[in-house]
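Me: Here is a model I would like to go through. Please set each value against its definition.

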Amino acid sequence: MASTEMIQRVSDTQGRPAWLVSGHERVRELLADPRLSRSHPNPGHPVRLTQPGLFGGPIPDPEAELADLHRMRKLLTPLLSARRLESLRPRVETIVDTLLDELHRSGPPADFHTAVAFPLPALVICELLGLPAQDHADFCRWQIEAKQVSKPAVARGGLQSLWRYLGTLIERKRWVPGDDVISDLLDAANLDPQLTDDGIAHLAAGLLFAGHAPVVAIIDRGMLLLLTHPEQRAALQSDPTLAAQAIEEIFRFASPIERMRAARRGGLTRYASADIEVDGVTLRAGDTVMFAVQEANEDENVFPDPKRFDITRERIPHLSLSHGAHFCLGAHLARLELRYLFVSLLQRFPALRLAVPLEEIPPLREAVAGAVSELPVAW
Ligand code: HEM
């Protein structure tokens with residue numbers, strides 16, 4: 001591909017002009033470019049942010065965004081490290097085992113999306129935050145309500161309930177700390193007076209929102225990919241040590257549902273905070289820049305035979321968890337839950353199959369690419 005094609009003039013979802021960056025190398029390079037921010041440099045711009053700041057409220061400008069980002073990452077990185085998460089592993093495994101028991105009881109056929117993919121990451125976040133088991137159901141319900149953008153009153157109610165609950169939980173953890181992120185953040189607050197209870201609640205809510213929908217989508221995607229690629233699924237079934245590679249390949253590869261529908265080319269979005277010269281074009285300060293992440297994940301310069309789903313690939317430098325300053329903070333947690341889930345699933349349900357033709361699986365209208373609203377399976 002000629003280098004000038006890596007940066008193209010396109011329209012964003014609202015029909016406004018934007019740049020689209022494609023090609024693995026360019027996407028990787030520009031995702032790490034500090035002159036591209038999630039907040040817009042012009043306060044009058046209609047879209048200021050592609051994602052709310054985890055400390056809550058609008059982030060005023062790219063500089064403040066950077067300060068907020070550094071602070072947030074410094075606090076959360078050690079709490080979500082592979083080492084720290086080892087103590088969560090047995091609880092994640094228990095959640096997976098319990099959900100698979102329920103799946104078994106409820107079918108066949110059963111809706112894998114509702115029985116496993118949707119609740120699993122929410123329950124894992126409950127454990128991560130240290131919620132008592134009796135509060136999990138309410139917390140998960142408020143979370144679902146809070147995301148109902150088409151019903152603003154319901155969404156507001158859900159968000160308020162979450163917010164009130166987090167306030168009470170933080171107060172409780174102050175007196176009775178546990179082995180969880182909220183207790184760790186309270187410890188951090190002893191050394192950092194800027195970290196208030198509100199700040200802790202924002203971080204907790206941020207983890208809940210960042211750590212749910214994308215994981216649900218990847219679980220559904222992994223299931224669809226394994227069930228439609230029998231030889232790959234057989235390989236994982238007979239050799240569970242392939243799980244780590246299999247999960248990275250699932251991150252990289254679009255699901256058969258995504259492939260059947262016209263793919264959206266944009267993925268992550270940023271705004272230029274300064275003029276940037278790249279490949280002979282100038283991205284002006286204020287310009288919108290979108291990244292064709294899925295295309296980058298199928299760049300033949302990086303992935304041999306890129307349209308083949310192959311869980312035995314040795315190197316899988318996909319960009320589905322972003323790259324650079326915003327690289328996903330929940331990557332270790334996501335990998336921990338996904339690896340255990342898929343290995344256990346295939347061991348416990350060796351004859352698992354789709355219960356309806358692929359074309360009948362309904363996509364989720366809003367939100368995350370490739371997400372479905374039902375995934376009927378039988379065994
Ligand atoms: C498996 C599914 C997941 C996917 C595909 C995913 C994807 C991403 C992506 C693409 C970003 C970067 C956004 C950007 O560059 O603008 C991101 C950031 C983030 N993710 Fe994940 N994520 C997943 C799971 C999780 C989990 C389980 C958690 C936490 C419990 C989490 C927490 C975060 C946080 C806190 C950020 C913000 C990092 C920052 O802005 O610096 N993610 N994730």
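Me: What share of the contacts in the protein between residues at least 6 apart in sequence join residues at least 24 apart?
Reply: The share is 67%. Two residues are in contact if their C-beta atoms, placed from the backbone, lie within 7 Å. This is a predicted model, in which local features need pLDDT of at least 70, side-chain atom pairs count only at pLDDT 80 or more, and totals for chains, interfaces and linings use all residues. Residues are numbered from 1 along each chain as its sequence is written.

Me: Why is Leu329 called buried?
Reply: A residue is buried if 20 or more other C-beta atoms, placed from the backbone, lie within 10 Å of its own. Leu329 has 21, so Leu329 is buried. Of the 379 residues of the protein, 38% count as buried.

Me: Which residues is Leu329 in contact with, leaving aside its neighbours within four places in sequence?
Reply: They are Arg73, Leu76, Thr77 and Leu80. From Thr77, Leu329 is 252 residues away in sequence, but 6.5 Å away in space, C-alpha to C-alpha.

Me: How do you know that the radius of gyration agrees with a compact globule?
Reply: The radius is taken over C-alpha atoms, and the globule rule is 2.2 Å times the number of residues to the power 0.38. For 379 residues a compact globule would have a radius near 21 Å; the protein has 21 Å, so the two agree. The C-alpha trace spans about 60 × 55 × 40 Å along its principal axes.

Key
Buried ≥ 20, exposed ≤ 12 C-beta atoms within 10 Å, placed from the backbone.
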